[in-house]
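Visitor: I'd like to learn how to read a structure like this one. Could you walk me through it?

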Amino acid sequence: GREYETLLRFVSNIHKLGGKTSIDDFGSGYSNLLHVVSIPADFLKIDGSIIRECCNNKASEILVQLISTWKTMNERDARIVAEFVENEAIQDKLLRYHIDYSQGYLFSKPVPEIPEPGEKPEIK
C-alpha cells in the first residue's frame, strides 16, 4: 500500500544521496523474500536464528544457500551479512556459500567502545 511506496521512495532517496540501506534480521518477523526482491537494499543481514543452526539443521542451511544463490542472480551488488557467527564450523559453512561478511562471538564479544587499531578491546 501507501506505506510500501513511501518506503521505496525513501530508499531511492537514500541512494541518490550516496547512502546505503540494509534489510536486517532477514528470515524473521516481517522480512521475507518479497521484501528482498522489491526493496533495493545494499546489504541483507541473515537473522541469527538461521545462522546459529546452519550446521545442524538442514532447513537453516538451505536458507543460507538460497540467499547465496539469490545474490548471484541479483542485478544489484548487494552484500550478505551473517550475524551470530559463534564458531569455526559456522564460519566455514558461510565461506562455502560465499557470504560476504560475518559478525559474532567467533570474532569478538560486544564491547562498549571501539578500540584503537592494534589495541585489544576491554571486556568487562
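Guide: Of the 124 residues in the protein chain, buried ones make up 31%. Keep in mind that this is a predicted model.

Visitor: How many helices and strands does the protein chain have, and how do the elements run from the N terminus on?

Guide: Count the elements, then read them in order. The protein chain has 5 helices and 4 strands, and the order from the N terminus is α-β-α-β-α-α-β-α-β. Along its principal axes, the C-alpha trace spans about 45 × 40 × 25 Å.

Visitor: What about the surface and charges of the protein chain?

Guide: The accessible surface comes to about 8,600 Å², and carbon and sulfur atoms account for 55% of that. On the charge side, there are 15 positive and 19 negative side chains, with the centres of the two sets 3 Å apart.

Visitor: What share of contacts joins residues at least 24 apart?

Guide: Taking contacts between residues at least 6 apart in sequence, 43% join residues at least 24 apart.

Visitor: Which residues of H4 are buried?

Guide: Start with the general idea: an α-helix has 3.6 residues a turn, so residues three or four places apart point the same way. In H4, the buried residues are Ser60, Glu61, Val64, Ile67, Ser68, Trp70 and Lys71.

Visitor: Why does Ser68 count as buried?

Guide: The cut-off is under 20% relative accessible area. Ser68 is buried because its relative accessible area is 11%. Setting aside neighbours within four places in sequence, Ser68 is in contact with Tyr97 and Ile99.

Visitor: And Lys93: where does it lie, and is it buried or exposed?

Guide: Lys93 lies in helix H5, residues 88–96. With a relative accessible area of 10%, Lys93 is buried.

Visitor: Which residues does Lys93 touch?

Guide: Not counting residues up to four places away in sequence, Lys93 touches Cys54, Cys55 and Glu61. Glu61 is also among the buried residues of H4. As for Ile51, 42 residues from Lys93 along the chain, the two C-alpha atoms are separated by 9.7 Å.

Terms used: Residues are numbered from 1 along each chain as its sequence is written. This is a predicted model: local features need pLDDT of at least 70, side-chain atom pairs count only at pLDDT 80 or more; totals for chains, interfaces and linings use all residues. Side-chain values use heavy atoms; hydrogens and water are left out. Buried means under 20% relative accessible area, exposed over 50%, partly exposed in between (1.4 Å probe, protein chains only). Helices (H or I, at least four residues) and strands (E, at least two) are DSSP runs, numbered from the N terminus. Contact means heavy atoms within 4.5 Å. Accessible areas come from the Shrake-Rupley method with a 1.4 Å probe; for residues, only the protein chains shown count as cover. Lys and Arg count as positive and Asp and Glu as negative; His and the chain ends are not counted. The place of a charge is taken as NZ of Lys, CZ of Arg, CG of Asp or CD of Glu.
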